[in-house]
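User: I have a structure open and would like to talk it through with you. Could you start with how you judge burial?

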Amino acid sequence: MSDFFSDLLRATSHGLVLPREDDDAINRYVAMHAGDRTNVESRPFPRQVDFWAFCIATALALKLEPRDGSISRWGKTFIYTNQGIVDNDLASLLAIVAVAKIGLDDPGVTESRRIVELANRLAAAGCPEVLRKLQNSPLRTTPLDQALEFARSLQEQAYDDS
Amino acid sequence: MVSNFERILAEIRKEAGQIAPNYRVDPDSVVNLIMGIVDLEDQHRVKAQHGIKKKIRQMIETAAIQASEVR
Amino acid sequence: MLLIRRIEIVNFACFDQVEIRPSANPKRPLTVIRAENGSGKTTLLRAIRWGMYGEQGLPGNPGSFSLHPAAWQPDSQGIETRVSILFETDGSSRLQLEGKPTNIEYELRRSVTTVHREPSAKDEPDFRRVREEAQLLEREPDGSWVPNVHGVGRVIEELLPWSLRDFFVMDADEAADFVGGSENKEIQRHEVIGKTSFAVRALLGLEVFDSTAERVASLRRDFERDATKATRNAELAEKQAELDHVRGRLDEIEKRLERNRHERADTDERLAQGRGRLEALIGSLGAHDALRQRLTDNEKHTQRANEERRSAARELSNDLTRVEMLASLAAREVRHVEQLLQPLYDDGSIPVRHLPFVKRLLETGTCVCGQDLTSASDHANHIQEVIDRSTEQKDHADHLAEVLDAATGLGRHADGEEWADRTDDHAKAVAVLDEEINNLTQTRLDIDSKLDDIDDEEVENARGRIGMLEQSLSKIDREITSDQEAREQLAKDSNKLEGDIRAARRQEAQARDLERYEETAAMLVQVLRQAYARIQDEQVRELDAEMNALFGSMAANVFDDEAVEDNQHKATLRMIAKVGLRPLEDTSAEYEIFADNSRGRSMPPTEINGASRRILALSFVLGLCKVSRTVAPLVADSLLNFTSGSVRTNTLRVTAETASQPILLLTGSDLESQNEIDLVNRYAGATYTLTGQWQHVDQGGDVVRLTDNRQVSLLCDCGPREYCDVCERLGQAQDERCTRRQESEAPR
Ligand SMILES: [Zn+2]
Ligand SMILES: [Zn+2]
C-alpha cells in the first residue's frame with residue numbers, strides 16, 4: 001500500500017486541533033504518555049490523534065455540521081502533521097471525507113490544508129458528543145467500555161442511513 | 001469377697017513345702033504359723049488390735065523353739 | 001460370697017416405704033429398676049449406702065445431709081428413718097476360716113431418728129439426728145435371730161469394705177475413676193494408679209499378705225538387733241549401727257523411688273497429652289505448608305491472569321483506533337465518494353490515462369490520424385494544448401483516483417461487522433479473565449483466612465512444653481536409675497553386714513535363741529514373699545486377660561455407633577486394640593490399667609475418651625470380681641450412660657452374664673431398643689419401676705396418675721415395657737410395645 005495520503009499530510013505542516021475549552025476533559029481519556037497502557041480502561045485512547053479521529057467519525061455518524069468560526073479562536077493545536085502522526089489509513093479517510101463534504105467543484109478539495117481544516121472542524125463538532133458520552137458512564141462501566149459501546153451505536157446509525 | 005483366700009493358702013502351702021526343709025522344719029507347722037499371723041494381721045486391718053506385734057513375736061519364738069526341740 | 005435378699009427402706013428422703021427383693025436366681029441374676037432421671041435413683045443408692053456404712057455413706061459434712069422425708073413437719077417426737085438389708089453369705093470369710101459350711105443369713109438394720117432443733121446460725125440445719133442404731137442379726141439354725149458377736153462394722157468392713165464401695169454400690173461415674181475419671185472430671189494419673197492398685201491388692205487379698213510379710217520382716221530385724229545387743233560385743237554393735245543406717249537409707253531410697261515412679265507416671269501422661277496436641281498442630285502445620293504452596297500458585301496465576309487481562313484490554317483500546325471502525329462511522333461519506341468518483345474513473349478522467357499516450361505521439365511526430373506533428377500546425381498545437389491542460393489536472397486527478405481507491409477499500413468495511421466481531425472477541429477475553437481473577441481472589445481470601453487460623457506460636461509453645469517435660473522425664477529417669485543402683489549396692493552392703501554380724505555372733509551363746517527366732521522369721525518372710533510374688537504375678541496376669549476379654553465383648557461391633565466422641569484429641573473405642581492391667585515396675589505392688597492401640601502403642605487411660613474409659617472401668621471392675629472370685633451384688637447407676645447401639649447392648653449383656661448379682665438402675669431411654677429388652681427378658685429375675693409423684697402431669701411431668709399426694713417416690717413391679725396405675729406415663733397407653741400390668745397388690 002502506498003503512503004500517498006500520509007505523505008501528502010506530512011509534506012506541509014498543519015496543526016491538528018481540538019477545542020481549547022475541552023482540553024482538560026480530553027486529556028483525562030488519553031494515555032498520559034506513549035507506552036503508558038496500564039490504565040486503558042479509564043484512558044481508552046492511546047494518543048490525542050486517536051481521540052481526534054474518533055471525534056471526526058462521531059461527527060460524521062451524527063451528521064454534525066463542522067464547527068465554524070476562526071479555528072485559532074477556539075482551537076488548540078496538539079500536534080503538527082509533519083510529525084508523521086497521521087497514518088495513511090486515517091489520512092485517506094480524511095481525504096475521502098473532504099471529497100464528500102467539499103465536492104469536486106472546488107479545486108481545493110485535494111489540498112492538504114483544506115482536508116486538515118475540515119477534519120479539525122469536524123473533530124471540534126464531534127468532540128462534545130464524545131466527551132458527553134464518556135463523562136456519563138453508568139456505574140461500573142469504564143470509559144473504554146463506554147467508548148466501544150458508543151462506537152457500536154454510531155455504527156448502526158451510520159450504516160442504516162448509507 | 002474372700003473366696004480368693006483359698007488360693008492364697010494353696011500358694012503358701014506350696015512355698016512352705018519347698019522352703020521349710022532347707023530350715024529343717026515341718027512345712028505344715030510353717031503354714032499354720034503363717035495363717036495364724038495372717039489372720040491376726042487381717043483382724044488388725046479391719047479393726048486395730050492392741051499388742052499385735054508382741055503377739056506375733058511370741059508366735060514366732062514359740063514356733064522356733066518347738067522346731068529346735070523337734071530337731 | 002454375699003447376696004442381697006431384700007432391701008427395705010422406710011422414711012428415707014423421698015421414700016415412704018419401699019421394698020426390693022433382688023433376684024438371687026443364678027440363671028436370671030439381673031434385677032432391673034427402671035427409673036427416669038429425677039425419680040429417686042440417686043436417693044435409692046444413698047439409702048443402700050447409708051444402710052451399709054452409716055453416716056460415712058452420705059455426701060457432705062457428717063449430719064448435714066437430710067435423710068428424713070421431705071414432707072416431715074418438725075415435731076417433738078421426731079421421725080425414724082430405717083434401712084434394712086437382708087443378705088446371705090456362704091461363710092467363706094477369713095473370720096470363719098474353719099467356720100460353718102452352710103450359708104448364713106444376716107440382717108443389717110440401721111435406724112436413726114431426726115428431731116427438730118432450733119438452728120443457731122443461718123445456714124445450720126433445723127434438725128439433728130439422735131439414736132442412730134446399727135444392728136447385725138444372724139439367723140440361727142432354729143430360725144431365731146441373734147446379734148452377731150463381731151459387730152456390724154467388723155463384718156461389713158470384712159464383706160463389703162468401705163474403700164471398695166464403688167465396686168458394690170456403684171455410680172458408674174465413680175467407677176470410671178479407676179481409669180482417670182468420668183466424662184465430667186479427670187483425675188491425675190498417680191491417683192488413678194493408687195486407686196487401681198488398692199482395689200487390686202484388696203480384692204485379690206494381697207494387702208493383708210503384704211502387711212504380714214512386712215510385719216514379720218520387721219520382727220526379724222528386731223531379733224537380729226537384739227541378738228547383737230546380747231553379744232555385748234562393741235565391734236558388732238558398731239556393725240549393727242552401720243547396718244541400721246544402711247537400712248534407713250534403703251527405706252529412704254524406696255520412698256524416693258516410689259515418689260519418682262509417680263512423678264514419672266504423671267510426666268508421662270503430660271508428655272502424651274503434649275505430643276497429642278503437637279501432632280494435631282503439626283497436622284495443621286502440614287496443611288499450613290500446603291496452603292502456602294497454594295498461595296504461591298495462586299499469586300502466580302493471578303499475576304499471569306492480570307497480564308493477560310491487561311493485554312486483552314489493550315487490544316480493546318486499539319480497537320478504538322481502527323480505521324475500519326472510523327470508516328464505518330463515515331459510511332455515508334465513503335459510499336457517496338465512491339458513487340461520485342467511479343464514473344470519472346470509468347471515463348478515464350481520473351487518473352488522466354491518455355496523457356502518456358498523447359505525449360508519445362508528440363515524440364514520435366505522427367498522430368494516430370496520420371498527420372505530421374513535427375512541425376507547427378493546428379493539429380500539433382491542439383495536441384500540445386491537450387497535453388498542457390491534462391498535465392495541469394494530473395495531480396488533482398491522481399489525488400481523486402487515490403481517493404476512489406481508498407474509498408473502495410474502506411467501503412468493504414463500512415458495515416463494521418468485522419470490527420464488531422473482533423471487538424466482541426476481545427471483550428469476551430477480558431470478561432473471562434475477569435472471572436478468573438475473581439475466582440483467584442476469592443480462593444486467596446479463603447487461603448488467607450485458613451492460614452490465619454493456624455497459630456505458629458502455639459506450635460512453638462507445644463514444642464517448648466514437650467522439650468521441658470522430656471528434660472524433666474530424663475532427670476527423673478536418671479534419678480530412678482541411680483537410686484536403683486544405690487538400692488542394689490545398699491542391699492549388698494546390708495547382706496554382707498548381716499553375714500558378718502551373724503558370723504561374729506555365732507559364738508555367743510546368749511544370742512543363739514534370738515538367732516533361731518531370726519532364722520525362723522527369715523524363713524517366714526521368704527515363704528510369704530515368694531507366695532505373694534507368685535499370686536500377684538498369676539492373678540494380675542489372669543486379671544489382665546480377663547479385662548481384655550470383657551472389654552472385647554463390650555466393644556464388639558462398635559463400628560457404626562460410637563455416638564459419643566466427646567473429646568477430639570482422645571482415643572476412641574475403635575482405636576483400642578488391647579486393654580489390661582500391668583505392674584508399674586517389676587518389683588512394685590502398684591498397677592496400672594492400660595490401653596494399647598493396634599500398633600502396640602500405649603495410650604494412657606486419661607488419654608482415651610469418656611465412653612471408652614467407662615467401658616474400660618467396667619471391664620476392670622467385673623474382671624477383678626471374677627478373678628478374685630468375689631460373689632457380691634453390683635448395685636449400679638448410670639451404667640449405660642454415654643453408650644449407644646451395640647456398645648450399650650454388649651455392656652448390658654456382659655454385666656448380666658458376668659456380675660453375680662447385678663442390680664441396675666436404668667432409664668427408659670437406656671431400654672429404648674429391642675436388644676436391651678431381649679436381654680432383660682432373658683436375664684432379669686426381678687424388675688421394678690420407680691415413679692416420683694412430683695413428675696405428675698399437673699406439675700409439668702409425664703406421670704399420668706397421682707397415686708400419693710405427698711412428694712414421694714413409689715415402686716411398682718412393672719418391667720421395662722409394662723405400666724400400671726402407679727407408673728403410667730404419657731404415651732405408654734398408645735405405645736403398642738407396652739402392656740398394662742394388672743395390679744395384684746396395693747402399690748408399695
Ligand atoms: Zn490526430
Ligand atoms: Zn408400674
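Analyst: A residue is taken as buried if 20 or more other C-beta atoms lie within 10 Å of its own, as exposed if 12 or fewer do, and as partly exposed in between. Please keep in mind that this is a predicted model.

User: OK, so is C:R131 buried or exposed?

Analyst: C:R131 has 11 C-beta neighbours inside 10 Å, and therefore it counts as exposed. The residue sits in strand β6 of chain C, which covers residues 127-139, and it has a positive phi of about 50° although it is not a glycine.

User: Where is C:S638, and is it buried or exposed?

Analyst: C:S638 lies in the loop between β12 (633-637) and α16 (645-658) of chain C, and since it has 24 C-beta neighbours inside 10 Å, it counts as buried.

User: Switching to peptide bonds, which residues does the cis one join?

Analyst: The cis bond joins C:I350 and C:P351, with omega at about -20°, and C:P351 belongs to the loop between α9 and α10 (355-364) of chain C.

User: What does α9 of chain C pack against?

Analyst: Helix α9 of chain C (residues 331-346) packs with helix α5 of chain A (residues 88-102) at an angle of about 70°, their axes being 9 Å apart, which means that α5(A) is roughly perpendicular to α9(C).

User: Which residues meet there?

Analyst: From α5(A) they are A:I96, A:V97, A:V99 and A:A100, and they meet C:E333, C:V334, C:H336, C:V337 and C:L340 of α9(C). By class, this contact of α5(A) with α9(C) has seven nonpolar, one polar and one charged residues.

User: And how many residues does each chain give to the whole contact?

Analyst: Chain A gives 39 residues and chain C gives 36. On the chain C side, α7 (234-319), α8 (323-329), α9, α11 (378-411) and α12 (417-453) each supply at least two residues, and by class that side has 20 nonpolar, eight polar and eight charged residues.

User: Last topic: what is the strand order in the six-stranded sheet of chain C?

Analyst: The order in this open sheet is β2-β1-β4-β5-β6-β7, with antiparallel pairing, and β2 (15-20) and β7 (145-147) are the edge strands, each pairing on one side only. Strands β1 and β4 of chain C are joined by eight bridges, and C:I7 has C:I85 in β4(C) as its bridge partner.

Definitions and conventions. Residues numbered from 1 in each chain as written. Chains lettered and ligands numbered in written order. Predicted model: local features only at pLDDT ≥ 70, side-chain atom pairs only at ≥ 80, totals over all residues. Axes fitted to C-alpha atoms, helices over the stretch in contact; angles between N-to-C directions. Helix = DSSP H or I, 4+ residues; strand = E, 2+ residues; numbered from the N terminus. Parallel < 35°, antiparallel > 145°, perpendicular 65-115°, else oblique. Contact = placed C-beta atoms within 7 Å. Nonpolar A, V, L, I, M, F, W, Y, C, P; charged D, E, K, R; others polar. Pairing = 2+ DSSP bridges.
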